[in-house]
Amino acid sequence: MDFVHAQLAAIQSHLAFVSVDPIDWKTYVQAFSWAVCLFESYLIVTFSLRQYPLYNKKAPPPALAAHFTDEVFAKSQTYGKDKAKFSLFAGLYKQAVDSLLLHIGVYAWAWSAGGRVLRFFGYGSEYEILQSIAFTFILFFVSSIPTLPLSVYQTFVLEEKHGFNKTTPGLFVVDLFKGWAIGIVIAPPFLSAFLYVFKWAGDRFVPWLMAFLLAFQLIMVVIYPTIIQPLFNKLSPLVDGELRSRIEALASKLKFPLKHLYEIDGSKRSSHSNAYFYGLPWSKHIVIFDTLIKQSKPDEVEAVLAHELGHWYYLHPTKMLLVSQLHLFSILALFPAFLHAPPVLRVFDFPADVAARPPTIVAFLLFQMIISPLESVVGIAMNAVSRRFEYQADQFACELQHMLKAEDMADMGDRLGRALVALHVKNLSTVWVDWLYSAYHHSHPTLTERLKALEGFKARSIAITKKEL
Ligand SMILES: [Zn+2]
């Protein structure tokens, strides 16, 4: 542990200038966030040589031509175009709001507003954790309310127009309040514990904070599906029948610790479809959307599950967790330099008396804004890792027949391909995608890429079969 602390101290001494030099971080954050926003807009439209003409293509890629009728293809093109226009507008609007709030010094204002709330209840500024909680809530509402019209538009105009919306205005409002209520229940204890670790561990907070955040994530793995998800959706045990017995047989052959198998009423809000698993290593739950069950045959849904179990077999979620811990560690290693840095708070409009002893939560939020360029790069790298995992899981499904010595699984690749195509057709997903746009935004390979890779996996699988004979 001392070695780690020595390394962290070395990093901190390199960054010592942060706590003394008056650097114009605010202008830098403004400039960088605008640059990212304009780059994203450029990806969507301005680069009209890229994304936009793709939406004007009159026919799907040759590999998909057999699966898309002209009508479905035309529909997916209009949907794609409408979504592109919306995300262009939404991106610019959100950036304008954030930029304006930053310009008028919203962080400093929210901190002092939090102080006033505390004084109203008879507490002084010595209650830093209480003021931090008030500050966080004020900041959250001030910055999220302006974007509310965007989600209303997206749900009731955009998705509605293309026939995906199943939400009613009543349900929308109830969902919104439920989301806020959950935040009000979870955020205060989380923030209190988070800030308490800093106070308690002092300059040696890094390993302790990581242990705390890891514990919190594990608690959420248990709480989210058992307590939070049921507040929004109804999970009912999958009915007995072909699908259930197929999945149970697959799980037991792979020794997947399947505890519960659920069907979720995803169709209550949207007709987009999906399947996933979750849980602790010794007790897993599989959840399948009712929409997926409706649109695909049992043997195709089984293939989708074979892909999901591929993620489990190769420990993809655990690997992602490790990568995110590493990411977290590198962020926290840089943070001490910003923890006691009055000039940083001054440049974000905080008064001298607050800046002299920076509140931890404020220092942390400003630090996060400052390192956001690094975060964009990390995001692209994470997408690349996640796309690799998708291919690996597809290959797993294709080659399952050899591992399980099950001849009836020889067509798993075909079934998976059919399910993927059905999923895209029903979701009217865009089939023509630009590589740069894809690298930046997509955590999954595109349908065309996946079908092409599936062909390769299938050929490999047939070759293995021949060798076995
Ligand atoms: Zn996957």
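Visitor: Lys-405: buried or exposed?
Guide: Exposed. In this predicted model, Lys-405 has 9 other C-beta atoms within 10 Å. The cut-off for exposed is 12 or fewer, so Lys-405 qualifies.

Visitor: Where is Lys-405 found?
Guide: In the loop between α19 and α20.

Visitor: What about the phi of Lys-405?
Guide: Positive, about 50 degrees, although Lys-405 is not a glycine. Most residues other than glycine have a negative phi.

Visitor: Which loop holds Lys-255?
Guide: The one between α11 and β2. Lys-255 has a positive phi of about 60 degrees, and it is not a glycine. Lys-255 is exposed, with 8 other C-beta atoms within 10 Å.

Visitor: Switching to the inside. How many residues has the largest nonpolar core?
Guide: It has 35 residues. Among those with the most contacts inside it are Ile-288, Val-304, Ala-306 and Leu-416.

Visitor: Which elements each supply at least two residues of this core?
Guide: Helices α11 (242-253), α13 (298-313), α19 (372-404), α20 (412-427) and α22 (447-468) do. Strands β2 (258-264) and β4 (283-289) do too.

Visitor: And which domains does the core draw on?
Guide: At least three residues come from each of domain 1 (1-38 + 297-468) and domain 2 (234-295).

Visitor: Take Ala-306. What does it touch?
Guide: Leu-250, Ala-397, Leu-400 and Met-412, not counting residues up to four places away in sequence.

Visitor: What is in the second core?
Guide: That separate core has 24 residues, including Trp-111, Phe-135, Leu-345 and Phe-367.

Visitor: Back to the domains. How many residues of domain 1 are in contact with domain 2?
Guide: 15 residues of domain 1, against 18 residues of domain 2. Which elements matter on the domain 1 side? Those giving two or more residues are α13 and α20. The largest share, ten residues, comes from α13.

Visitor: What classes of residue make up that side of domain 1?
Guide: Eleven nonpolar, one polar and three charged.

Visitor: How many Å apart are the centres of the two domains?
Guide: The C-alpha centres of domain 1 and domain 2 lie 25 Å apart.

Visitor: Strands now. What is the sense of the β3 and β4 pairing, parallel or antiparallel?
Guide: Antiparallel, over six bridges, with β3 covering residues 275-280. The two strands form a hairpin with two residues between them.

Visitor: Which residue in β4 is the bridge partner of Tyr-276?
Guide: Val-287.

Visitor: Where does UniProt place a transmembrane region?
Guide: The unreviewed entry gives residues 31-49, 133-158, 179-199 and 205-227.

Visitor: What is the chain doing over residues 179-199, helix or strand?
Guide: It is 100% helix and 0% strand there, and the end C-alpha atoms are 30 Å apart. Residues 205-227 are also 100% helix and 0% strand, with end C-alpha atoms 31 Å apart.

Visitor: Last one. Where does Tyr-440 lie?
Guide: In helix α21, residues 435-441. Tyr-440 is partly exposed, with 15 other C-beta atoms within 10 Å.

Visitor: What does Tyr-440 touch?
Guide: Leu-43 and Ile-380, not counting residues up to four places away in sequence.

Visitor: And what separates Tyr-440 from Tyr-127?
Guide: Their C-alpha atoms are separated by 42 Å, and the two are 313 residues apart along the chain.

Notes
Residues numbered from 1 in each chain as written. Predicted model: local features only at pLDDT ≥ 70, side-chain atom pairs only at ≥ 80, totals over all residues. Core = buried A, V, L, I, M, F, W, Y, C linked by C-beta atoms within 7 Å. Buried ≥ 20, exposed ≤ 12 C-beta atoms within 10 Å, placed from the backbone. Helix = DSSP H or I, 4+ residues; strand = E, 2+ residues; numbered from the N terminus. Domains from an automatic or database assignment. Contact = placed C-beta atoms within 7 Å. Nonpolar A, V, L, I, M, F, W, Y, C, P; charged D, E, K, R; others polar. Pairing = 2+ DSSP bridges. UniProt positions renumbered as here; feature names shortened; annotations may be inferred.
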